[in-house]
Amino acid sequence: MSIAIFGVNPQAIYLKNELNKCENSNIKAEYFVDNNKALWGTAPENIPVISAEQLKELYPNKIDAVLISARGTHSRISIIHQLKNMGILNAALVKPSVYDYSKAFTINGNINDDEIIWINKTDKPLMPYLEINISDACNLNCMGCTHFANLFNCSDFYDFETFKSDLSELCKNVFIAQLRLLGGEPLLNPDLSKYIAFARSIMPDTDICVVSNGILVPKQPAELFEVMNKSNVGFVFSKYKPTLKMRDKIEQVLKAFNVQYVFDGEEITEFSRNLSRHRNNNPELSQKACHSRGCRFLRNGRLYKCPTEGLIYRYYEYYGLENNFKAGINIYDKLDWNKVLIDLMEKPVEMCSRCSEKSELFKWDISITPSKEEWLSNEEDF
């Protein structure tokens with residue numbers, strides 16, 4: 001089988017090496033594909049980079065299947081639509097956990113089907129990515145938190161029965177490729193293992209992880225780690241300074257329980273202010289600048305374009321500000337889910353006009369008594 005890998009990035013290189021390391025395998029990575037014209041004709045790792053049009057010419061006679069290596073949710077959605085429009089249906093999303101946990105991608109010279117999702121074999125519309133807050137509060141209280149965690153109480157959790165109902169309803173209508181359980185800080189929720197076990201029970205093929213700052217890992221009961229192992233769920237840790245100070249202790253605990261984990265990306269030294277003071281920015285420009293553009297967010301029976309849309313109500317409540325706009329989609333309504341997912345990707349929502357057209361970076365810090373200005377870009381008065 002001849003494989004083309006869509007994307008030229010560290011994940012693509014990892015896949016190429018996994019596919020080509022078995023000398024006697026009948027599966028080989030023959031090409032990289034990318035939309036960046038500057039890469040066409042180059043050959044990283046001795047694999048030629050071709051355009052999407054060249055891919056279309058080679059498929060299916062010389063290329064049997066395409067693996068999508070992109071990590072960004074919006075990129076993955078765009079590539080899926082691009083391939084479908086070209087009539088290339090034998091394509092698969094590679095689960096991010098493959099890279100995060102350095103999993104073996106081949107078994108006896110064959111692709112490990114447990115680690116990919118064939119986009120032409122899902123019987124429901126495909127949602128590449130979903131976030132759910134399991135706990136709204138956080139033990140770090142970062143200034144300008146995009147989930148407004150330092151405005152919530154430590155007892156603010158996603159009600160478990162509501163979580164079960166909402167996730168079940170959503171899974172009736174869409175196939176969710178990747179689910180991230182987060183917060184706030186999810187380890188503040190003493191019943192986290194129940195949420196994990198239920199999610200896995202109704203989403204056997206979904207890539208599921210818990211996103212955490214990791215500080216509370218040493219205080220967790222063994223039951224949580226046992227459920228995570230049984231459910232094939234690992235941790236993704238954000239590299240905050242307090243996290244890195246106790247990295248050795250975190251790793252010691254997880255290695256003892258054989259829990260999968262990764263410390264993601266670079267150390268976090270900056271956050272960004274994303275709210276507009278005057279609330280009437282160009283929503284198209286704000287959407288393009290948004291770092292959460294592909295982050296669908298589920299909360300209390302509604303699906304949101306991003307976490308900010310789903311959680312901004314708390315900001316308005318906390319500071320006594322007027323909140324007169326409707327947000328999110330009622331997942332219990334009768335919906336055309338193909339259209340819903342396309343609209344969420346392509347069209348801005350009202351919240352977009354309340355976000356900045358350009359993020360304003362500031363130094364990461366803790367804020368125990370936050371002021372509303374910590375979220376506001378440097379524009380005219382709110």
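This is a predicted model: local features need pLDDT of at least 70, side-chain atom pairs count only at pLDDT 80 or more; totals for chains, interfaces and linings use all residues.

Me: Which residues lie nearest the centre of the largest pocket?
Reply: The space in this pocket comes to about 1,200 Å³. Its lining has 17 nonpolar, 17 polar and 11 charged residues. Of the 45 residues that line the pocket, those nearest its centre are Arg-180, Val-211, Ser-238, Ile-268 and His-291.

Me: And the second largest pocket: which element gives the most to its lining?
Reply: This pocket holds about 530 Å³ of space. Its 31 lining residues include Ile-117, Phe-175, Pro-204, Asp-205 and Thr-206, which lie nearest the centre. Two or more residues each come from β8 (116-118), β11 (175-176), α6 (192-202) and β13. With three residues, the element that gives the most is β8.

Me: How many charged residues are in the lining of the second largest pocket?
Reply: Sorting this lining by class gives 13 nonpolar and seven polar residues. The remaining class is the one you ask about, and its charged residues number 11.

Me: Which element supplies the largest share of the lining of the largest cavity?
Reply: The lining has 19 residues, with Asn-274, Ser-286, Cys-290, His-291 and Cys-355 nearest the centre. By class they divide into seven nonpolar, nine polar and three charged. Both α10 (283-289) and β20 (355-363) supply at least two residues. The largest share, four residues, is from β20.

Me: Which element gives the largest share of the lining of the second largest cavity?
Reply: This cavity has about 60 Å³ of space. Among the residues lining it are Gly-144, Phe-148, Arg-273, Asn-274 and Trp-375. The classes here are three nonpolar, five polar and one charged. Four residues, the largest share, come from β16.

Me: On to packing. How many residues does the largest nonpolar core have?
Reply: The residues with the most contacts inside this core are Leu-130, Ile-132, Phe-163, Leu-167 and Phe-235. Leaving aside neighbours within four places in sequence, Leu-167 is in contact with residues including Leu-130, Ile-132, Phe-198 and Leu-298. A second, separate core has 24 residues, among them Ala-4, Ile-80, Ile-88 and Ala-177. The number of residues in the largest core is 57.

Me: Are Phe-160 and Phe-163 stacked or edge-to-face?
Reply: The whole structure has 23 aromatic pairs. In this one, the rings are 6.3 Å apart, centre to centre, with 20 degrees between the planes. Phe-160 and Phe-163 are both buried and sit three residues apart in helix α5 (residues 160-173), about one turn of the helix. Because planes under 30 degrees apart count as stacked, the pair is stacked.

Me: What is the angle between the planes of Tyr-240 and Trp-364?
Reply: Tyr-240 lies in the loop between β14 and α8 (241-245), and Trp-364 in the segment after β20, 124 residues apart. Both residues are buried. Their rings form a tilted pair, 5.7 Å centre to centre, and the angle between the planes is 40 degrees.

Me: Is Lys-28 buried or partly exposed, and why?
Reply: Lys-28 lies in strand β2 (residues 28-33). Buried means under 20% relative accessible area and exposed over 50%. Lys-28 has 25% relative accessibility, so it counts as partly exposed.

Key. Residues are numbered from 1 along each chain as its sequence is written. Side-chain values use heavy atoms; hydrogens and water are left out. On a 1 Å grid over the protein atoms alone, a cavity is a set of points where a 1.4 Å probe fits but cannot get out, and a pocket is an open set with protein on both sides within 12 Å along at least five of seven lines; lining residues have an atom within 4 Å of a point. Grid points are joined across faces, edges and corners, and a volume is the space filled by probe spheres set on the points. Ala, Val, Leu, Ile, Met, Phe, Trp, Tyr, Cys and Pro count as nonpolar, Asp, Glu, Lys and Arg as charged, and the others, Gly among them, as polar. A nonpolar core is a set of buried Ala, Val, Leu, Ile, Met, Phe, Trp, Tyr and Cys residues joined through side-chain atoms within 4.5 Å. Buried means under 20% relative accessible area, exposed over 50%, partly exposed in between (1.4 Å probe, protein chains only). Contact means heavy atoms within 4.5 Å. Rings of Phe, Tyr and Trp (its six-membered ring) pair if their centres lie within 6.5 Å; planes under 30 degrees apart count as stacked, over 60 as edge-to-face and the rest as tilted.
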